[in-house]
Amino acid sequence: MSLLGAFAFFSFWALGLGLSKLEQSFVSVSIEVKKSVKIPCTVWSANFETEVIHWYQQKPNQALQHLLQVTSTKSPVSMQGREDKIKASKDSRSSTSILTINSIQEEDVGVYYCAGWDPQDGWIKIFGEGTKVIVTSPDQNFDEVVAPKPTIFLPSLAETTLHNAGTYLCLLENFVPDVIKVYWKEKNSDKILESQQGDTRKAVDGYMKFSWLTVPEMSLQKEHQCVVKHESYKGANQEILFPPIK
């Protein structure tokens with residue numbers, strides 16, 4: 001490698017050093033035709049100012065399509081050939097990249113991902129969880145966004161006695177739209193626990209989904225949380241508390 005090439009490589013490596021996670025707080029966004037939508041992506045990086053953030057679109061049953069990339073925090077970047085349609089920006093105050101899509105049409109339906117390079121793990125590109133854009137019609141006569149109604153089920157005495165373990169079940173019902181993400185953790189912990197979940201199913205008044213967590217006897221005295229991400233929470237999470245089993 002030439003001296004100039006080595007300098008360029010290590011400069012590029014230094015600029016990207018520190019990207020650890022991208023978080024898309026909105027799992028879905030329901031938007032009427034012809035309106036505009038903004039999709040945020042929080043960037044966890046030691047060098048946000050110089051981080052290159054990519055944006056992708058995945059239409060139903062199609063491969064990922066690269067839309068554009070943004071580096072500067074001073075001015076937004078427009079997608080080539082669609083300058084008035086799709087733009088991306090970076091806000092240094094909130095360490096957030098924002099994708100803006102103007103004049104939404106049916107062709108814009110899909111899941112949108114932010115992404116960046118992680119230099120500390122072999123230069124692997126890491127992605128946010130994705131935000132699904134749902135296009136609605138102004139004349140729809142039903143609620144477009146309805147929060148899940150949770151019901152909790154605690155471990156049975158027979159299970160805890162015979163198997164020295166317990167299963168918590170979190171049932172979520174009557175939510176709209178159908179896009180939802182569920183995970184489990186111990187209270188006051190950020191570690192995501194291994195759990196299982198059923199498919200999202202159509203119900204009479206919306207959609208339903210259930211998820212369950214099985215823990216060993218030693219963990220039954222701890223508080224656990226079923227964490228739910230849904231559009232109705234406007235970027236926040238609902239943390240459903242499961243009490244300890246004495």
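**The largest pocket and its lining**

Guide: In this predicted model, the largest pocket has a lining of 17 residues, and those that lie nearest its centre are Lys21, Glu23, Tyr183, Ile192 and Asn237. The elements that give two or more residues to this lining are β1 (21-23), β14 (180-186), β18 (224-230) and β19 (237-242), and among them β1 gives the most, with three residues. The space in the largest pocket comes to about 380 Å³. As for where the largest pocket sits, both domain 1 (19-136) and domain 2 (149-242) give residues to its lining, so the pocket lies between them.

Turning to the strands, β14, β18 and β19 form an open sheet of three strands, in the order β14-β18-β19 and with antiparallel pairing. Because β14 and β19 stand at the edges and each has a single partner strand, one side of each is left without a neighbour in the sheet. From one strand to the next, the twist averages 25°. In general, the strands of a sheet pair through backbone hydrogen bonds, in either a parallel or an antiparallel sense.

Definitions and conventions. Residues numbered from 1 in each chain as written. Predicted model: local features only at pLDDT ≥ 70, side-chain atom pairs only at ≥ 80, totals over all residues. Heavy atoms only, no water. 1 Å grid on protein atoms, 1.4 Å probe; cavity = no way out; pocket = protein on both sides within 12 Å on 5 of 7 lines; lining within 4 Å. Points joined across faces, edges and corners; volume = space filled by probe spheres on them. Helix = DSSP H or I, 4+ residues; strand = E, 2+ residues; numbered from the N terminus. Domains from an automatic or database assignment. Pairing = 2+ DSSP bridges. Axes fitted to C-alpha atoms, helices over the stretch in contact; angles between N-to-C directions.
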